[in-house]
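Subject: Handover of a structure

Hello,

I am handing over the structure below. My notes on it follow.

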Amino acid sequence: MKLSKLEQYFEVEKLVFHSLDLALYNVSAVVEGQEYMITDEKNQRLKSHNLLSLQQLCQHVKAKKQVVRQSSPYDEMVGGPVKINNELEVSLGDNKLY
């Protein structure tokens, strides 16, 4: 879903900043129970090495809450059982530090 379209919604349920690798993030939004990756006008996923810059890009999206979500590959790396959902979501405030 394009960022410009998302900004037109009255309110979205949740903005999710996905922690992908060390300091690489992308963003999705939960709208009416469906999760959509957010893209720019060129249909490229929003991504950055700086979480604050992504918050700044999304500052006009009216979201009930913002979270950072991380999934760890640790279980697979140490030969653990078949991967289960080990996602961690941490509530995130927008302190407008950008």
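Is Arg69 buried or exposed? Arg69 has a relative accessible area of 11% and is therefore buried; buried means under 20%, exposed over 50%, and partly exposed in between, with a 1.4 Å probe and protein chains only.

Before the rest, some ground rules. The model is predicted, so local features need pLDDT of at least 70 and side-chain atom pairs count only at pLDDT 80 or more, while totals for chains, interfaces and linings use all residues. Residues are numbered from 1 along each chain as its sequence is written, and side-chain values use heavy atoms, with hydrogens and water left out.

Confidence

The protein chain has an average pLDDT of 89, and 88% of the residues score at least 70; pLDDT is the predictor's confidence in each residue, from 0 to 100. Confidence is highest in β2, at 97, and lowest in helix α3 (residues 74-77), at a mean of 60. Helices (H or I, at least four residues) and strands (E, at least two) are DSSP runs, numbered from the N terminus. Where pLDDT is low, the predicted coordinates should not be read in detail.

Salt bridges around Arg69

A salt bridge is a side-chain nitrogen of Lys or Arg within 4 Å of a carboxyl oxygen of Asp or Glu. By this rule the structure has 4 salt bridges. One of them joins the side chains of Arg69 and Glu35, at 3.1 Å from N to O. This pair links distant parts of the chain, with Arg69 in strand β5 (residues 63-70) and Glu35 in strand β3, 34 residues apart. Glu35 is partly exposed, at 35% relative accessibility.

Arg69 also forms a salt bridge with Glu87, where the closest N and O atoms are 4.0 Å apart. Glu87 is in the loop between α3 and β6 (88-92), 18 residues from Arg69, and is partly exposed at 44%. The side chains of Arg69 and Glu89 meet in another salt bridge, at 2.7 Å from N to O. Glu89 is in strand β6, 20 residues from Arg69, and has a relative accessible area of 34%, so Glu89 is partly exposed. Lys14, Glu35, Arg69, Glu87 and Glu89 are linked in a network of salt bridges.

7 of the 7 residues of β2 are buried, so β2 is largely enclosed by the rest of the structure. Tyr25, Val27, Ala29 and Val31 point one way from the strand, and Asn26, Ser28 and Val30 point the other way. In a regular strand the side chains alternate between the two faces of the sheet.

Two strands pair if DSSP finds at least two bridges between them. β2 pairs with β1 in the antiparallel sense over 6 bridges, and His18 stands opposite Asn26. The β1 and β2 hairpin has 5 residues between the strands, and Leu22 there takes a positive phi near 50°.

β2 also runs antiparallel to strand β3 (residues 34-37), with 4 bridges; Tyr36 is the bridge partner of Ala29. This hairpin has 2 residues between the strands, and Glu32 in the turn has a positive phi of about 50°. Glu32 counts as exposed, at 73% relative accessibility. Most residues other than glycine have a negative phi, and most peptide bonds are trans.

Strand β4 (residues 47-48) is joined to β2 by 2 bridges, again antiparallel, and Ser48 stands opposite Tyr25. Ser48 is buried, at 15% relative accessibility. The side chain of Ser48 makes a polar contact with the side chain of Ser53 at 2.8 Å. A polar contact is a pair of N or O atoms within 3.5 Å; within protein, one must be able to donate a hydrogen and the other to accept it, and residues adjacent in sequence count only if both atoms are side-chain atoms.

The nonpolar core

A nonpolar core is a set of buried Ala, Val, Leu, Ile, Met, Phe, Trp, Tyr and Cys residues joined through side-chain atoms within 4.5 Å. The largest one has 16 residues; those that touch the most other members are Leu6, Leu15, Phe17, Val27, Ile38, Cys58 and Val61. Two or more residues each come from α1 (3-6), β1 (12-19), β2 (25-31) and α2, and β2 gives the most, with 4 residues.

Regards
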